[in-house]
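Student: Hey, could you walk me through this one? I'd like to start with how the parts touch.

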Amino acid sequence: MASRRKVIENLFKSGAFMGFGGLLWGSAAGNAAETELALRPPGAFENDRDFVQACIKCGQCVEVCPYDTLKLATPGDGKAVGTPYFKPREIPCYMCTDIPCTRNCPSGALDLKRLQAKGSQPSIDTAKMGMAIIDPKACIAFWGIQCDVCYRACPLLDKALIIERKRNERTQKHAYLLPVVNGDHCTGCGVCEHVCVVEEAAISVLPVKIATGKAGGHYIKGWDKADEKRMELKEPATTDEEDIESGLNYLNEDNELY
Amino acid sequence: MASLRKNKFLILRRVSQLAILVLFFGGNYFGWKVLTGNYSSAKILDRIVLSDPYAVLQMLAGGYWAAADLLIGALIVLLFYAIIGGRFFCAWVCPVNLVSDFTAWSKRKLNIKNNKRIVLSRNVRYYLLALGLIISAVIGVAAFEMVSPVTILSRSIIFGVGGGWLFITALFLFDWAVARNGWCGYLCPLGAFYALNGKYGLLKVYHDKDNCTLCNECFSVCPEVQVLSRVGKKDGYIKSGECTLCARCIDVCEDNALNFAMNYIKNNHNKR
């Protein structure tokens with residue numbers, strides 16, 4: 001029979017070992033899971049952390065990808081190890097209509113449900129793998145050179161990528177044909193980035209979370225009837241953020257601000 | 001032929017390990033549908049989903065309620081190994097076994113003993129098993145899957161991506177520097193998981209004391225020597241779940257003192 005001292009000592013030692021190992025392992029695994037810049041297959045969770053959590057890293061989406069678009073991250077890629085991602089400049093997503101990658105996922109990390117509007121069939125056109133953004137400094141269309149390569153390559157031509165005309169003041173007689181991304185339609189497939197003719201793509205796909213901003217609920221479009229309805233508060237606001245009424249009136253009241 | 005018979009289980013094991021790897025590899029490169037995916041989750045004939053129960057457990061601990069396919073797949077695997085017993089996965093399926101067996105073999109050939117200055121307990125793996133679940137719960141991501149040599153090695157073979165060599169080398173060096181089968185026998189939480197899962201399985205090695213000549217050959221090849229405690233002392237099953245069922249002891253035993261037997265069934269003529 002071990003002495004009480006020995007038992008307690010061993011307990012502490014085991015605890016210390018677990019703590020040491022846990023901190024080391026936890027920080028390594030936690031860092032490895034931190035991947036904001038990965039482009040994921042269609043039908044993935046919006047939040048990348050959720051995706052990494054749900055992905056069992058079996059690579060079956062990669063196996064069925066007919067264009068070898070999808071790759072599995074390895075240690076050193078800076079993406080959660082074993083998870084699928086793609087680099088559009090190398091091989092973009094060609095948006096298979098049968099969506100084999102999403103269909104083959106056993107874990108629910110990729111789910112067809114995220115690719116369908118209510119009551120309709122899943123469609124790759126609703127994918128949100130990322131969003132294209134344009135660097136006007138590098139895009140030669142912004143220099144006045146006629147290049148609409150990305151626009152013509154876009155699988156959702158005239159929806160996700162449109163051409164805007166603007167007068168070229170330099171030549172006084174030509175028009176700029178400027179590519180503009182419509183975030184409502186862009187699937188992030190990256191064909192535009194793939195075909196971009198300049199040395200380093202002037203149009204590139206970023207994860208939606210990084211490419212998009214958010215105006216916040218306190219801006220209301222006065223010219224938009226539907227949006228303006230938000231001002232008609234039916235019940236008292238419960239949080240500061242929803243407290244639009246007081247926000248509207250605070251300047252007209254005599255109360256002190258702080 | 002004699003050497004074939006003497007290495008029967010070793011050869012069968014290599015065939016099994018390599019066949020699984022080749023099928024996975026072909027699944028990725030040639031589109032074979034026999035076995036697709038990898039050791040984390042796989043599909044047989046494009047139908048039956050299998051998944052790594054420890055990985056799924058980590059996902060659940062991390063707070064993700066996995067899809068039904070995955071849960072059922074994990075259950076199938078869990079039951080399969082629970083029924084067979086022991087760490088059948090470790091010796092017959094896991095690709096890391098190829099590396100650790102090679103290291104153990106090379107150390108044996110060069111007569112290199114375990115490092116006396118770094119002494120690990122074989123129970124460390126059970127702590128790591130628990131720790132893997134705790135960390136998963138804390139960081140919300142399957143923690144062992146992020147660092148597991150099993151999956152990283154298999155992925156680099158099956159998908160031809162990098163990282164595998166690094167891990168093979170690290171494993172090799174660790175086993176060389178610290179202990180024979182150091183990773184598999186002391187640390188691997190997946191092995192620990194299967195040790196617990198397979199404790200009451202059907203397939204066990206049975207020891208016949210009367211035939212034993214105490215030549216110690218089994219001790220020199222066994223990756224988990226602690227499970228052989230009854231050899232030369234007492235008839236009966238090698239009960240421990242830590243036995244990988246690699247059957248190397250059966251191969252090397254010249255005296256017919258060790259053999260596979262069905263647990264529970266042979267009990268009636270068990271001379272105790």
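**Where the parts meet**

Student: How many salt bridges are there between chain A and chain B?
Tutor: Zero between chain A and chain B, where a salt bridge is a Lys or Arg side-chain nitrogen within 4 Å of an Asp or Glu carboxyl oxygen. Keep in mind that this is a predicted model, where local features need pLDDT of at least 70, side-chain atom pairs count only at pLDDT 80 or more, and totals for chains, interfaces and linings use all residues. Residues are numbered from 1 along each chain as its sequence is written, chains are lettered from A in the order written, and side-chain values use heavy atoms, without hydrogens and water.

Student: OK, what area is buried between chain A and chain B?
Tutor: About 3100 Å², with 69% from carbon and sulfur atoms. Buried area is the accessible area (1.4 Å probe) that two parts lose on being put together, summed over both.

Student: Which residues in chain A lose the most area to chain B?
Tutor: Trp25(A), Gln53(A) and Glu63(A), which together make up 24% of what that side buries.

Student: Switching to chain B: what domains is it divided into?
Tutor: Domain 1 (2-196) and domain 2 (203-269), with bounds from an automatic or database domain assignment. Their centres, taken over C-alpha atoms, are 24 Å apart.

Student: And how many salt bridges between those two domains of chain B?
Tutor: Five. Arg122(B) also forms a salt bridge with Glu224(B), their closest N and O atoms being 3.2 Å apart.

Student: What area do domain 1 and domain 2 of chain B bury between them?
Tutor: About 1700 Å², 46% of it on carbon and sulfur atoms.
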